Amino acid sequence: KKKEVSVEQDASSDQFLGPWAKNKSIKEDEEESQEQADKIQEILRNREAKKRKMGAETNYNFNTKPSSESQRPSDQDAQDTPTTNTPSARQDESLNKPTSKKNRNSNSNSNLNDGFFSDPNAASSLFNNEKISDEDESIRKQQESLSSDKEADPEQIQEQTTFHLPSFRDYQNRTYITPPSYLRATEHTCYVPKKVIHTYKGHKNGTTNIQLFPKYGHILLSSGIDGTIKIWDVYNERRLIRTINAHKQFIRGINFSGDGKQFLSCSYDRFIKLWDTETGVCISRFSNKRIPYCAQFHTLENNTGGEKEFLVGGSDRKISQWDISSNKIVQTYEDHLGAVNSIAYIDQGRRFVSSSDDKSLRIWEYGISVVIKLISDPSMWSVPVLKTSVDGKYVLGQSMDNNVYVWNAKERFGQEKSKTYRGHLVSGYACGLAQSPDGEFLASG
């Protein structure tokens with residue numbers, strides 16, 4: 001006989017006692033959770049359908065969704081199990097379907113211990129790959145922004161000087177810039193050289209400029225494509241005195257001061273540097289972020305040194321007047337239509353002539369940025385090199401049409417058509433010019 005179990009209900013509370021009441025409450029909870037799961041799945045299906053309709057791209061892997069045949073139980077499984085619409089079956093179906101980001105938190109925060117999900121971490125595992133990919137993308141973008149902001153100016157070359165002689169001073173406590181006692185800064189007769197007596201070798205690549213020490217010429221200054229400057233002995237053993245690692249790129253020009261104690265160098269690294277001839281130390285650096293093509297000390301009337309300013313012609317079609325003490329540009333001369341190639345002083349430094357790629361010459365008053373005279377003609381070619389004669393009466397210019405022209409620097413600045421030198425076949429290349437101390441001979445090459 002079966003025992004009848006009476007169920008008593010307390011009117012003051014909703015608590016049911018007995019096994020029948022407990023089974024009934026569990027059944028009601030399962031039904032409520034099933035209805036809630038059905039609603040959630042319906043909402044997710046609607047959202048996914050709307051996303052597909054709008055053409056939204058997702059990063060989910062839809063290949064993990066099982067086929068309908070794999071989801072459909074076999075006949076033997078159907079006989080063993082009373083129903084296929086169980087909460088565990090709904091769980092497997094829900095795990096294989098992609099969910100939106102809005103429902104991600106709801107799935108992770110839902111009660112997973114009521115038998116609806118077999119694995120509590122299954123819902124959140126769907127989005128781990130996407131979360132990691134988002135973090136990697138943010139790190140990559142941050143690294144790209146840092147690498148773009150890290151673009152710094154190129155480092156300046158470390159100036160170094162090497163002295164090659166055994167002693168810096170001789171027995172009379174004189175350095176190499178002191179001229180020999182047998183040399184005199186007086187006028188003397190000059191002759192045309194007939195043979196090569198010595199070859200100076202030291203630059204790794206080509207030599208760009210050479211210049212003798214003012215008035216005496218006992219030392220030779222040279223610059224090269226390798227960015228170095230070398231000082232050579234001319235009269236004694238003709239050996240290398242000093243090497244200066246001066247610039248990072250091709251050296252465009254060098255220029256001695258009036259007394260030879262200092263010299264300027266300009267390079268394609270956009271720097272003009274002032275050097276001490278005796279020690280080889282860089283005194284100052286000047287730059288306006290443009291390529292300097294020429295740099296010339298402002299020679300004084302007696303040309304005894306102590307220059308305080310210099311002019312620089314550059315790629316910005318301007319001539320800049322620099323003050324050495326303040327390291328600033330005090331005047332700018334603007335009128336050229338091309339890069340300024342060369343500068344030559346006339347009238348004892350009161351005026352100067354400039355040449356440019358615009359195939360013209362311009363005469364300026366020093367300190368006043370107004371053109372006094374413009375020399376331009378359709379038949380003219382660019383004049384990359386200008387040189388003032390020894391007596392200061394003429395300006396010599398090497399033209400790109402294989403000719404060397406002469407202009408009168410006194411009174412009316414005009415061309416001396418009777419003094420035109422021809423013979424070069426270097427059209428398209430610049431030739432250097434040099435005049436003998438007595439002014440009788442002119443060398444070009």
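Q: Does Y182 count as buried or exposed in this model, and what relative accessibility does Y182 have?

A: The model is a predicted one, and a residue counts as exposed when its relative accessible area is over 50%. At 52% relative accessibility, Y182 therefore falls in the exposed class.

Q: What describes a pair of aromatic rings, and how many aromatic pairs are there here?

A: Such a pair is described by the distance of the centres together with the angle of the planes. In this structure the count comes to 19 aromatic pairs. In one of them, the ring centres of Y182 and Y235 are 6.4 Å apart and the planes stand at 90°, so this pair is edge-to-face. Y182 sits in the loop between β1 and β2 (207-212), while Y235 sits in the loop between β4 (228-233) and β5 (240-245), so the pair ties together parts that are 53 residues apart in sequence. Y235 is partly exposed, its relative accessible area being 36%.

Q: Which kind of pair do the rings of F286 and W322 form, and why?

A: Planes over 60 degrees apart count as edge-to-face. The rings of F286 and W322 have planes at 65° and centres 5.6 Å apart, so their pair is edge-to-face. Because F286 belongs to strand β9 (residues 282-286) and W322 to strand β12 (residues 318-323), the pair ties together parts that are 36 residues apart in sequence. Both F286 and W322 are buried.

Q: Which residues form one aromatic cluster?

A: The cluster is made up of Y333, Y345, F352, W364 and Y366.

Q: Why can strand β11 be called largely enclosed by the rest of the structure?

A: Here the count of buried residues is the guide: six of the six residues of β11 (residues 309-314) are buried, so the strand is largely enclosed by the rest of the structure. Both of its faces are covered, with E309, L311 and G313 buried on one side and F310, V312 and G314 buried on the other.

Q: Which strands pair with β11, and in what sense?

A: Strand β10 (residues 292-297) pairs with β11 in the antiparallel sense over five bridges, and C294 stands opposite G313 of β11. β11 and β12 also run antiparallel and are joined by five bridges, with Q321 in β12 as the bridge partner of L311. β11 and β12 form a hairpin with three residues between them, and R317 in the turn has a positive phi of about 65°.

Q: Where does Q158 lie, and is Q158 buried or exposed?

A: Q158 lies in the loop between α7 (128-149) and β1 (160-163), and with a relative accessible area of 58% Q158 is exposed. The C-alpha atoms of Q158 and H247 are separated by 8.6 Å, although these residues are 89 residues apart along the chain.

Notes:
Residues are numbered from 1 along each chain as its sequence is written. This is a predicted model: local features need pLDDT of at least 70, side-chain atom pairs count only at pLDDT 80 or more; totals for chains, interfaces and linings use all residues. Side-chain values use heavy atoms; hydrogens and water are left out. Helices (H or I, at least four residues) and strands (E, at least two) are DSSP runs, numbered from the N terminus. Buried means under 20% relative accessible area, exposed over 50%, partly exposed in between (1.4 Å probe, protein chains only). Rings of Phe, Tyr and Trp (its six-membered ring) pair if their centres lie within 6.5 Å; planes under 30 degrees apart count as stacked, over 60 as edge-to-face and the rest as tilted. Two strands pair if DSSP finds at least two bridges between them.
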